[in-house]
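This briefing concerns the strand pairing and the nonpolar cores of the structure shown below.

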Amino acid sequence: MSERTGDPDGLERLWTPYRLAYVQGEDRPEGGYERPAGCPFCLAPALPEAQSLVVARGALVFALLNLYPYNPGHLMVCPYRHVADYTDLTEAETVEVAAFTRTAMRVMRTVSSPHGFNLGMNQGAIAGAGIAAHLHQHIVPRWGGDANFMPVIGMTKVLPQLLADTRDLLTKAWPAA
């Protein structure tokens, strides 16, 4: 809107009110994410398959879709063990996180042909970790033009596929253990 209320500014708007709960922290469990009883990464593996967003399970780690993805197919690899820091992983957990990350990249290349990936861990809340108490490796597929004006100017991400559909696609393509 311009300075005068009611005058259109020529911009269209996409409303994403479901994200407000995340932004304001309203969907945080009682007691916060620091305790396993409230940690969504500790709870996810025990949820019914369609609810959990888990794509694949290993002996020590699992891969699941990000509930608030940056791009379609945005996965995270988490250890089952509630551990916050990369240096606290066991050698076996470290190896399985790396193996799952590689597999996730291969699966995504097969099903959606991304042009590249962002991989990373935000260690600590100050570094941007939304759930700092439980380590998670992000695997974000990227395509040319995916960072267009919508997220830069409009602070809105347009996702062309429902999470359940993305989960089904990735789960079917994930190699059997």
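**Strand pairing and core packing**

β1 and β2 run antiparallel and are joined by three bridges; strands (E, at least two residues) and helices (H or I, at least four) are DSSP runs numbered from the N terminus, and two strands pair if DSSP finds at least two bridges between them. The model is predicted: local features need pLDDT of at least 70 and side-chain atom pairs count only at pLDDT 80 or more, while totals for chains, interfaces and linings use all residues. Residues are numbered from 1 along each chain as its sequence is written, and side-chain values use heavy atoms, with hydrogens and water left out.

Strands
- Three residues lie between β1 and β2, which form a hairpin.
- A56 has A63 of β2 as its bridge partner.
- Five bridges pair β2 with β3 in the antiparallel sense, and F62 has C78 of β3 as its bridge partner.

Burial of β2
- Because five of the five residues of β2 are buried, β2 is largely enclosed by the rest of the structure; buried means under 20% relative accessible area (1.4 Å probe, protein chains only).
- F62 and L64 point one way from β2, and V61, A63 and L65 point the other way.

Nonpolar cores
- A nonpolar core is a set of buried Ala, Val, Leu, Ile, Met, Phe, Trp, Tyr and Cys residues joined through side-chain atoms within 4.5 Å.
- The largest nonpolar core has 21 residues, and L75, F100 and L170 are among those with the most contacts inside it.
- α4 gives the largest share of this core, six residues.
- A second, separate core of nine residues includes C39, A44, F62 and M76.

Notes:
Buried means under 20% relative accessible area, exposed over 50%, partly exposed in between (1.4 Å probe, protein chains only).
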